[in-house]
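Please read this report beside the sequence and the coordinates.

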Amino acid sequence: HARAVRPDRVRVPAAGWALVVAALCLMASSQVLFVTFGGWLKDHHGVGTVGIAVLAFALGFAELFSSVSASRVADGWGKERAGAVGALVMVPAALVLLAGHDVLWLGLPALVVAIAAFEFAIVSVIPLGTQMVAGAPAFGMSVMLAAGTLGRALSSIPATRVYTRYGMAWPAAMCAVLAVLTALGLRLVAALRTR
């Protein structure tokens, strides 16, 4: 067991800072969809409140399936790799949503895949927080979760503004870019941890 580290002596290693950036980007990548998809369905496709509620319920099942899948494979694949795979699956899904946001039968499945892939990624990545700083698992987890919360906060307003002005294409593009940055950040985490 690693010895506990005094709070005044905690130092976040380079891999930890890469994880902070990855967590921020990962949470932001999903948030840009979460804050806009209800408006997109209602404003552009006429889906009512009941329809959106049914979709939210279906998304919950997709997230549950992804969570169980991540818990089964993350240890075998490596948490950084599993998280990067989830983030990279978000990219083509977001690009399909970008290109097909005017066509519900194309955009809606892409949205579901993107959200499910996010859930796979976040469940894979969360345990990395406890490994960020040797001897200080609670500190590492707190820093990583704070980074994720910051990512959500920073992305919400820009996503809603670009959605209001340009429609769903721009939030989808933001999701794709942030997911790529997440995958790169997690690969960097893995590389730095092996040094």
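Does Trp-105 count as buried or exposed?

## Trp-105

The model is predicted. In it, Trp-105 counts as exposed, because its relative accessibility is 66% and the cut-off for exposed is over 50%. This residue is found in helix α5.

Trp-105 and Ser-142 are 37 residues apart along the chain. Their C-alpha atoms are separated by 40 Å.

## Overall fold

The chain has 7 helices and 0 strands. Read from the N terminus, the order of elements is α-α-α-α-α-α-α.

The C-alpha atoms fill a box of roughly 55 × 35 × 25 Å along the principal axes. The radius of gyration is 17 Å. A compact globule of 195 residues would have a value near 16 Å, so the chain agrees with that expectation. Among contacts with a separation of 6 or more, 83% join residues 24 or more positions apart.

## Surface and charge

Of the 195 residues, 48% count as buried. The accessible surface of the chain comes to about 10100 Å². Carbon and sulfur atoms hold 68% of that area.

The chain carries 14 positive and 7 negative charges.

## The largest nonpolar core

How many residues make up the largest nonpolar core? There are 56. Four of them touch the most other members: Leu-19, Leu-33, Leu-97 and Leu-111. The elements giving two or more residues to this core are α1 (14-34), α2 (37-45), α3 (49-77), α4 (79-100), α5 (104-125), α6 (137-166) and α7 (169-193). Helix α1 gives the most, with 12 residues.

## Leu-33

Leu-33 has its place in helix α1. Its relative accessible area is 0%, so Leu-33 is buried; the limit for buried is under 20%.

Which residues does Leu-33 touch, not counting those up to four places away in sequence? The partners are Leu-97, Leu-111, Ala-114, Ile-115, Met-168, Pro-171, Ala-172 and Cys-175. Two of these, Leu-97 and Leu-111, are among the core residues that touch the most other members. Along the chain, Leu-33 and Ala-22 are 11 residues apart, with C-alpha atoms separated by 18 Å.

## Leu-186

Leu-186 is found in helix α7. Is this residue buried or exposed? Leu-186 counts as buried, because its relative accessibility is 0%.

What does Leu-186 contact, leaving aside its neighbours within four places in sequence? The set is Leu-19, Ala-22, Glu-80, Gly-83, Ala-84, Val-125 and Leu-128. One of these, Gly-83, is 103 residues away in sequence. In space, the C-alpha atoms of Leu-186 and Gly-83 are 7.1 Å apart. Another partner, Leu-19, is one of the core residues that touch the most other members.

Technical notes: Residues are numbered from 1 along each chain as its sequence is written. This is a predicted model: local features need pLDDT of at least 70, side-chain atom pairs count only at pLDDT 80 or more; totals for chains, interfaces and linings use all residues. Side-chain values use heavy atoms; hydrogens and water are left out. Helices (H or I, at least four residues) and strands (E, at least two) are DSSP runs, numbered from the N terminus. The radius of gyration is taken over C-alpha atoms; the globule rule is 2.2 Å times the number of residues to the power 0.38. Buried means under 20% relative accessible area, exposed over 50%, partly exposed in between (1.4 Å probe, protein chains only). Contact means heavy atoms within 4.5 Å. Accessible areas come from the Shrake-Rupley method with a 1.4 Å probe; for residues, only the protein chains shown count as cover. Lys and Arg count as positive and Asp and Glu as negative; His and the chain ends are not counted. The place of a charge is taken as NZ of Lys, CZ of Arg, CG of Asp or CD of Glu. A nonpolar core is a set of buried Ala, Val, Leu, Ile, Met, Phe, Trp, Tyr and Cys residues joined through side-chain atoms within 4.5 Å.
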